[in-house]
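Thanks for sending this one over. Here are my notes, in numbered points that you can check against the model as you read.

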Amino acid sequence: MAAAALPLSPVNHQLCRRNSRFWYNAMMTPCSPVFSASSPCCIGVKGIGSSSQLRVRHPLISSAASTDYLLHDVGATVAVLGGAYALVLLFESLTKRDVIPQRLSRKLVHILSGLLFVLSWPIFSASTEARYFAAFVPLVNGLRLVVNGLSVSPNSTLIKSVTREGRPEELLKGPLFYVLALLVAVVFFWRDSPTGMISLAMMCGGDGIADIMGRKYGSYKIPYNPRKSLAGSISMFIFGFFISIGLLYYYSSLGYLHMNWETTLTRVVIVSLVATLVESLPITDQIDDNVSVPLATILAAYLSFGY
């Protein structure tokens with residue numbers, strides 16, 4: 001269907017959004033009982049009919065547009081859910097074949113699943129309910145974690161893919177907090193706010209890469225936290241910053257965000273520093289990084305950008 005087509009360029013995207021706003025106004029604005037033949041709105045329009053005919057057509061237009069949005073968003077939800085499952089299965093397969101170690105596989109799932117989820121948001125329609133269809137993806141994954149974490153129906157593939165020690169109860173900690181962070185970002189911020197995007201960039205990309213680099217090059221420890229390395233913190237700041245800028249540019253090019261890049265760069269630097277500092281603190285035993293990092297980032301980004 002044409003309504004389900006994904007815009008392939010910023011220009012096409014803007015045309016689609018303008019078209020969506022036109023139909024939304026057409027559905028929400030009551031039909032005027034009087035139309036003048038000389039009205040600019042009627043130029044080039046044939047067979048417009050009487051005002052009573054327009055009133056009859058109005059609910060039909062509304063119903064057709066709503067159905068198109070519904071089918072579009074259902075299809076997008078199924079596609080993103082399928083992609084999320086495929087990602088986990090891919091890395092589980094690579095781990096079984098000894099292509100990559102289990103620890104690295106888990107961390108790559110941590111990095112890619114969240115970032116790919118953010119990148120998929122433009123697939124959903126322009127309707128106001130689209131964010132809730134997108135939120136269905138982390139919601140389903142969260143329910144899976146709870147069911148497996150409580151050992152109601154343990155899935156060994158899932159447990160091995162996202163836990164450190166392969167214990168089901170681990171699913172109810174870091175992995176579940178991770179999914180909740182995705183849920184908060186999509187429901188409360190969505191694709192027209194930089195706050196949610198930056199919070200996920202720092203949690204998924206920054207924190208994930210920090211762990212990989214810290215384990216490989218982390219011989220120099222942070223003085224106030226011997227469990228964290230200087231290489232890991234530097235990596236988190238650098239990669240978190242560039243991934244954040246990449247996401248903001250991506251959504252800006254599609255027309256969802258309008259950024260002043262001179263001030264945006266400074267603001268993202270500040271937010272990245274705050275997130276890196278919080279991640280380096282010796283509080284991991286008290287609060288998981290998948291809670292502290294997104295919360296600190298959301299607070300700093302919201303104060304910086306104002307939305």
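The points below go from the overall fold to single residues.

1. **Ground rules.** This is a predicted model, so to speak of local features I keep to pLDDT of at least 70, and side-chain atom pairs count only at pLDDT 80 or more, while totals for chains, interfaces and linings use all residues. Residues are numbered from 1 along each chain as its sequence is written, and side-chain values use heavy atoms, with hydrogens and water left out.

2. **Overall fold.** The protein has 10 helices and two strands; here helices are DSSP runs of H or I with at least four residues, strands are E runs of at least two, and both are numbered from the N terminus. Along the sequence the order is α-α-α-α-α-α-α-β-β-α-α-α. Of the 307 residues, 42% count as buried. Buried stands for under 20% relative accessible area, exposed for over 50%, and partly exposed for what lies in between, with a 1.4 Å probe and protein chains only.

3. **Helix α7.** Have a look at residues 194-217, where helix α7 has a kink of about 30 degrees centred on Met202. The bend at a residue is the angle between two fitted axes, one for the seven residues ending there and one for the seven starting there. Helix α7 is largely enclosed by the rest of the structure, because 19 of its 24 residues are buried. At the start of α7, the backbone nitrogen of Thr195 has a side-chain oxygen of Ser193 within 3.3 Å.

4. **The strand pair.** Strands β1 and β2 run antiparallel and are joined by two bridges; pairing requires that DSSP finds at least two bridges between the strands. The hairpin from β1 to β2 goes through two residues. Ile222 has Asn225 in β2 as its bridge partner.

5. How many salt bridges does a search of the whole structure find? The search gives four, a salt bridge being a side-chain nitrogen of Lys or Arg within 4 Å of a carboxyl oxygen of Asp or Glu. One of them brings together the side chains of Arg227 and Asp285 at 3.0 Å, N to O. Arg227 sits in strand β2 (residues 225-229) and Asp285 in the loop between α9 (261-280) and α10 (289-305), so this pair ties together parts 58 residues apart in sequence. Arg227 is exposed at 57% relative accessibility, and Asp285 is exposed at 59%.

6. Lys228, Glu279 and Asp289 are linked in a network of salt bridges. The side chains of Glu279 and Lys228 meet at 2.9 Å, N to O. Since Glu279 is in helix α9 and Lys228 in strand β2, that pair ties together parts 51 residues apart in sequence. Lys228 also forms a salt bridge with Asp289, with the closest N and O atoms 3.0 Å apart. This second pair links distant parts of the chain, from Lys228 in strand β2 to Asp289 in helix α10, 61 residues apart.

7. **Helix α10 and Ser199.** Ala300 is placed in helix α10 and is buried, with a relative accessible area of 12%. Its C-alpha atom is separated by 9.3 Å from that of Ser199, 101 residues away along the chain.

8. **Two positive phi values.** Most residues other than glycine have a negative phi. Asp98, however, has a positive phi near 60 degrees; Asp98 is in the loop between α2 (51-96) and α3 (102-119) and is exposed, with a relative accessible area of 67%. Trp190 also has a positive phi, of about 60 degrees, although it is not a glycine. Trp190 belongs to the loop between α6 (174-188) and α7, and at 4% relative accessibility Trp190 is buried.

Note on methods:
Polar contact = N/O pair within 3.5 Å; in protein donor to acceptor, adjacent residues only side chain to side chain.
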